[in-house]
Amino acid sequence: MRTAAVTGVRGVTLTERPFVTMVNLRVDPASEGTGRIEKTLGAPLPRQCGRTTASASHTLFWLGPDEWLVLSRADGATVAAELREALGQAQGSVVDVSAHRTTLELSGPAARQVLEKGCPLDLHPRAFGPGREVSTTVGPVPVLLWQIDDTPTYRLFTRSSFADYLARWLMDAMSEYRCPEVP
């Protein structure tokens, strides 16, 4: 991936950020367990598609009306245990899914254009900006796509079994940005 990096005005880089703690959380947002979970996480659960919330240690993705993905700097087993305790007797589930996905990070002035080659979403800043995440595809690969900042920097969470293919797809899409832009 390092050798595929493009520098300059049309720059774009691809890196892997392996072993990110990811915990899947299912709970009725109206249950008493939700308040305890939010207190444990230090952030409210996002209530809309594409929204994220964050605390010092955790970032929460909305996956559905009663489903979230918790990204954390802490150990997955620890986070899952704390969330199970907070869930208490409320109906729901907490599952450490850290081994299910890996994370690729695409960053640089041309990152959006690279993604637009194979992503059906409108990634223009008026529609998708920092802090937004959504389930989509890049090429034929299902991903959770999260825009981190205005650089732009994107994190793509994909099943580990698809990671090699997706990385190669992205590196191929990046290759045209080595050449000067045609006016």
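Q: What is the bridge partner of Leu-144 in β10?
A: The bridge partner is Phe-157, in a predicted model where local features need pLDDT of at least 70, side-chain atom pairs count only at pLDDT 80 or more, and totals for chains, interfaces and linings use all residues. Residues are numbered from 1 along each chain as its sequence is written, and side-chain values use heavy atoms, with hydrogens and water left out.

Q: And how many bridges do β9 and β10 pair over?
A: They pair over five bridges, in the antiparallel sense; strands here are DSSP runs (E, at least two residues) and helices likewise (H or I, at least four), numbered from the N terminus, while two strands pair if DSSP finds at least two bridges between them.

Q: What is the strand order in the open sheet?
A: The five strands run β1-β7-β10-β9-β8, with antiparallel pairing. Because β1 (13–16) and β8 each have a single partner strand, they stand at the edges and one side of each is left without a neighbour in the sheet.

Q: Which strands does α4 touch?
A: α4 packs on the sheet and touches β1, β7, β8, β9 and β10, contact meaning heavy atoms within 4.5 Å.

Q: Switching to the largest nonpolar core, which residues touch the most other members?
A: Of its 26 residues, these are Leu-106, Leu-115, Leu-145, Leu-156 and Leu-170. Such a core is a set of buried Ala, Val, Leu, Ile, Met, Phe, Trp, Tyr and Cys residues joined through side-chain atoms within 4.5 Å, where buried means under 20% relative accessible area (1.4 Å probe, protein chains only).

Q: Which element gives the largest share of this core?
A: That is α4, with five residues.

Terms used: Buried means under 20% relative accessible area, exposed over 50%, partly exposed in between (1.4 Å probe, protein chains only). Axes are lines fitted to C-alpha atoms, for helices over the stretch in contact, and angles run from 0 to 180 degrees between N-to-C directions.
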